[in-house]
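Let's take a walk through this one together. Have the sequence and the coordinates open as you read.

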Amino acid sequence: MICEKKHDMPEQQWPLWEVFIRSKQGLDHKHAGSLHAADAQMAIENARDVYTRRMEGVSIWVVESKYVHASNPDEASSLYDPANDKVYRHPTFYDLPDELKHM
Amino acid sequence: MPLPDFEKTFQDKIDEDIRIEPKDWMPDAYRKTLIRQISQHAHSEIVGMLPESNWITRAPSLKRKAILIAKVQDEAGHGLYLYSAAETMGISREEMIDQLHSGKAKYSSIFNYPTLTWADMGVIGWLVDGAAIMNQVPICRASYGPYARAMVRICKEESFHQRQGFEILLVLSRGTEAQRRMCQDAIDRWWWPSVMMFGPNDDASPHTAQSMKWKIKRFSNDDLRQRFIDVCAQQVKILGMTLPDPDLAWNEERQHYDFGAIDWEEFRSVINGNGPCNKERLAARVQAHEDGAWVREAALAHAEKRKMRQQKVVA
């Protein structure tokens with residue numbers, strides 16, 4: 001039986017995953033990069049192989065990239081505007097006497 | 001209201017060393033040149049696995065075998081980081097692999113040379129990875145975020161590559177007459193190709209100015225090459241070996257090593273497909289891709305099956 005060699009359709013169906021790794025107990029998961037995999041289990045195994053060759057992985061999270069929602073960088077100035085003029089949120093705003101300890 | 005000047009905002013960011021990220025506006029030319037640079041870098045890592053894999057089955061000891069496997073594994077990982085970085089710019093993995101297999105995309109010329117002896121493993125680690133590190137460290141501060149971050153990860157892993165290479169040569173240099181000869185012979189074959197890794201002279205490199213303005217290149221080819229030669233000229237003395245360049249000499253006035261003429265004909269010939277191993281390298285990659293098709297299809301079929309099994313359990 002002669003099979004027609006398909007032009008690699010399967011890979012186009014491997015979704016893209018974002019990988020987050022917690023390297024040590026107590027730390028946050030950090031974004032390590034991305035990879036293609038057929039499903040979540042494969043994504044985790046591949047993430048282990050690609051991103052934790054030097055034991056930098058206590059916990060691996062994988063999320064399909066399409067489920068990551070991001071803010072729009074063009075709207076950054078208007079999105080964050082409310083925070084910019086609230087200078088009283090910073091400790092340095094408050095002028096307190098030097099004799100005051102432990103604060 | 002005046003139209004926002006995207007071009008100016010973009011260049012301002014670069015001038016202030018603010019990273020450009022995938023969703024930011026960027027000139028088409030910037031995107032195109034980065035796709036080319038990053039994907040070719042990725043191809044180089046993957047093709048670069050081939051000359052070294054050649055010696056895995058013949059490593060002189062179990063320790064050396066394990067180390068070489070770890071290094072080659074790292075190169076695969078580096079290729080993957082870079083393919084992922086390139087994909088953020090809107091090109092697919094399939095397209096990049098097609099470009100490599102069709103000969104449309106290039107990869108580093110150095111990998112078109114054969115690895116003839118075990119000593120070649122040492123020299124590749126010392127000189128080829130050494131040159132790569134010298135090129136890659138500045139790119140850790142490249143303007144495009146994903147590329148720079150991939151570079152940081154790569155550089156962390158690359159330093160063991162160079163040290164294991166030099167250590168191989170150190171052991172050989174302190175060995176038998178035959179081992180010392182093998183060491184010198186490998187250096188003699190790989191020195192000039194390594195020097196050529198830094199690309200054409202600055203005056204023959206038309207893209208350099210724009211790449212430096214866009215901070216995707218931080219130092220010129222000739223600057224990096226000079227640095228590399230200066231460093232290796234010192235390191236080779238520790239091996240008690242020589243570099244195959246009769247014109248290599250310390251220049252007190254320049255505070256650098258003078259070196260001999262590079263055979264640019266050889267460089268051009270190799271990069272255009274006529275090196276000793278070009279055809280073999282490409283054929284190996286194409287075959288690996290075709291032979292692996294069933295694995296990719298099976299992975300998908302398996303994922304489907306697993307999904308259906310889980311749905312049945314839920315139902």
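In which element of chain B is His256(B) found? His256(B) sits in strand E2 of chain B, where helices (H or I, at least four residues) and strands (E, at least two) are DSSP runs numbered from the N terminus. Before going further, some ground rules: this is a predicted model, in which local features need pLDDT of at least 70 and side-chain atom pairs count only at pLDDT 80 or more, while totals for chains, interfaces and linings use all residues. Residues are numbered from 1 along each chain as its sequence is written, chains are lettered from A and ligands numbered from 1 in the order in which they are written, and side-chain values use heavy atoms, with hydrogens and water left out.

Back to His256(B). At 30% relative accessibility, His256(B) counts as partly exposed; buried means under 20% relative accessible area, exposed over 50%, and partly exposed in between (1.4 Å probe, protein chains only). Not counting residues up to four places away in sequence, His256(B) touches Gln226(B), Asp230(B), Ala249(B), Trp250(B) and Asn251(B), a contact being heavy atoms within 4.5 Å. The C-alpha atoms of His256(B) and Val231(B) are 9.8 Å apart in space, and the two residues are 25 apart in sequence.

Gln255(B) lies in the loop between strand E1 (249–251) and strand E2 (256–258) of chain B. With a relative accessible area of 43%, Gln255(B) is partly exposed. Its backbone deserves a look: phi of Gln255(B) is near 60°, a positive value in a residue other than glycine. Most residues other than glycine have a negative phi. Lys215(B) also has a positive phi, near 55°. You'll find Lys215(B) in the loop between helix H8 (208–213) and H9 of chain B, and at 16% relative accessibility Lys215(B) counts as buried.

Now for the helix packing. Two packed helices are described by the angle between their axes and the distance between the axes. Helix H7 (residues 177–196) and helix H9 (residues 221–239) of chain B pack at about 160°, with their axes 11 Å apart. Axes here are lines fitted to C-alpha atoms, for helices over the stretch in contact, and angles run from 0 to 180 degrees between N-to-C directions. H7(B) and H9(B) are therefore roughly antiparallel to each other: angles under 35 degrees count as roughly parallel, over 145 as roughly antiparallel, 65 to 115 as roughly perpendicular and the rest as oblique. H7(B) passes H9(B) in a right-handed crossing; a crossing is left-handed if the near helix is turned anticlockwise from the far one by less than a right angle, and right-handed if clockwise. Among the residues that meet are Ile187(B) and Trp191(B) from H7(B), and Phe228(B) and Cys232(B) from H9(B).

What about H2(B) and helix H6 (residues 145–173) of chain B? Their axes come within 12 Å and cross at roughly 25°, so H2(B) and H6(B) are roughly parallel to each other. H2(B) passes H6(B) in a left-handed crossing. Leu34(B), Gln37(B), Ile38(B), His41(B) and Glu45(B) in H2(B) meet Tyr147(B), Met151(B) and Ile154(B) in H6(B).

Gln37(B) is one to click on. At 21% relative accessibility, Gln37(B) counts as partly exposed. Leaving out residues up to four places away in sequence, Gln37(B) touches Ile139(B), Tyr147(B) and Ile216(B). Then there's His78(B), in helix H3 (residues 62–87) of chain B. His78(B) counts as buried, at 0% relative accessibility. Beyond its neighbours within four places in sequence, the contacts of His78(B) include Glu45(B), His161(B) and, from chain A, Arg53(A).

That brings us to chain A. Chain A has three helices and three strands, running α-β-β-α-β-α from the N terminus. Of the 103 residues of chain A, 25% count as buried.

Finally, how far does the predictor trust all this? The model scores ipTM 0.81 and pTM 0.88. Chain B has a mean pLDDT of 93, with 99% of its residues at 70 or more; pLDDT is the predictor's confidence in each residue, from 0 to 100. Chain A averages 82, and 86% of the residues score at least 70. Within chain A, confidence is lowest in helix H1 (residues 9–12), at a mean of 53, and highest in strand E3 (residues 59–64), at 95.
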